[in-house]
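Student: Could you take one part of this model and walk me through it closely? I'd like to hear about the charged pairs and whatever surrounds them.

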Amino acid sequence: MPCSSSRVLALAAAIAALTAASHAFVVVPSRGAVAGAAVGLAGLGVVAPAFAEEELGLLNFGKVELGGGFAINLDIPETGIINIFIIVAGLFYLLGPILGESMATREKEIQTDIDDAIAKYNEATARFAEAEKNKQQADAVIKEIYDSIDKDKQELKASMETAMKAQ
């Protein structure tokens, strides 16, 4: 495992470096600022490089200006999108088996927990049914006891009345 964790750390560092170095958003100076700087430098006798329009080459789709001096750079080789894609594909390739194994283990644990819960539910249902049956039996015994008490009261009352009449 130390080998794979060092690979993961190395790949994570490479992704962070590539993402930080990505030129997807660039600051584009306005044309007025470029012209002003060129005139100012020419007045000082300094030769400034000419700001020419970029040529669109293979996989270079130019820049989309967003306003406020910002633009989206669509030059794919310059932005490093291909490099990021290669690194993400490598991560899937390297981490796929590790994550697959981890997910399979977790799935087994979850399935075991579900099976245990179902077994406990079935046991609880059976015990509840047994408790209901015992309650019904207890209610029947209580009814018999109350009926016996009522019968004994009536017999006692009748015997007391006969004893009172006999005196």
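Tutor: Let's start with Asp147, which pairs with Lys143 in a salt bridge whose closest N and O atoms are 3.3 Å apart. Bear in mind that this is a predicted model, so the distance is computed from predicted coordinates. Asp147 and Lys143 sit four residues apart in helix α4, which puts about one helical turn between them. That spacing matters because an α-helix has 3.6 residues a turn, so residues three or four places apart point the same way. Side chains of opposite charge can then pair when their charged atoms come close. The two partners fall into separate exposure classes: Lys143 is exposed, with a relative accessible area of 52%, while Asp147 is partly exposed at 40%. The cut-off for exposed is over 50%, so Lys143, at 52%, makes it into that class.

Now for the neighbours in the sequence. Val141, Ile142, Ile145, Tyr146 and Ile149 make a nonpolar surface patch of about 460 Å². Ile145 belongs to helix α4, which covers residues 81-166, and Ile145 is partly exposed, with a relative accessible area of 45%.

How many salt bridges does the structure hold? The count is three. Besides the one we began with, there is Lys135 with Asp139, where N to O comes to 3.1 Å. Lys135 and Asp139 are again four residues apart in helix α4, with about one helical turn separating them. Both ends are partly exposed: Lys135 has a relative accessible area of 47%, and Asp139 has 38%.

Then there is Arg106 with Glu109, with the closest N and O atoms 3.2 Å apart. This pair has a spacing of three residues in helix α4, and that too comes to about one helical turn. Arg106 counts as partly exposed at 43% relative accessibility, and Glu109 is partly exposed at 40%.

What about the helix that carries these pairs? Helix α4 has 86 residues and spans 118 Å from its first C-alpha to its last, close to the 128 Å expected at 1.5 Å a residue. There is a kink of about 45° at Leu95, shortly before the proline Pro97.

Stepping back to the whole chain, the secondary structure comes to four helices and three strands, and along the sequence the order is α-β-α-β-β-α-α. Of the 167 residues, 8% count as buried. The chain exposes about 13,700 Å², with carbon and sulfur atoms supplying 66% of that area. As for contacts with a separation of 6 or more, residues 24 or more positions apart account for 52% of them.

Methods: Residues numbered from 1 in each chain as written. Predicted model: local features only at pLDDT ≥ 70, side-chain atom pairs only at ≥ 80, totals over all residues. Heavy atoms only, no water. Patch = residues over 30% accessible without salt bridge, like charges linked within 9 Å, V, L, I, M, F, W, Y side chains within 5 Å. Areas by Shrake-Rupley, 256 points an atom, 1.4 Å probe, with all protein chains shown as cover. Salt bridge = Lys/Arg side-chain N within 4 Å of Asp/Glu carboxyl O. Helix = DSSP H or I, 4+ residues; strand = E, 2+ residues; numbered from the N terminus. Buried < 20%, exposed > 50% of the residue type's maximum accessible area, 1.4 Å probe, protein only. Contact = heavy atoms within 4.5 Å. Expected span 1.5 Å × (residues − 1). Bend = angle between axes of the 7 residues up to and from the residue.
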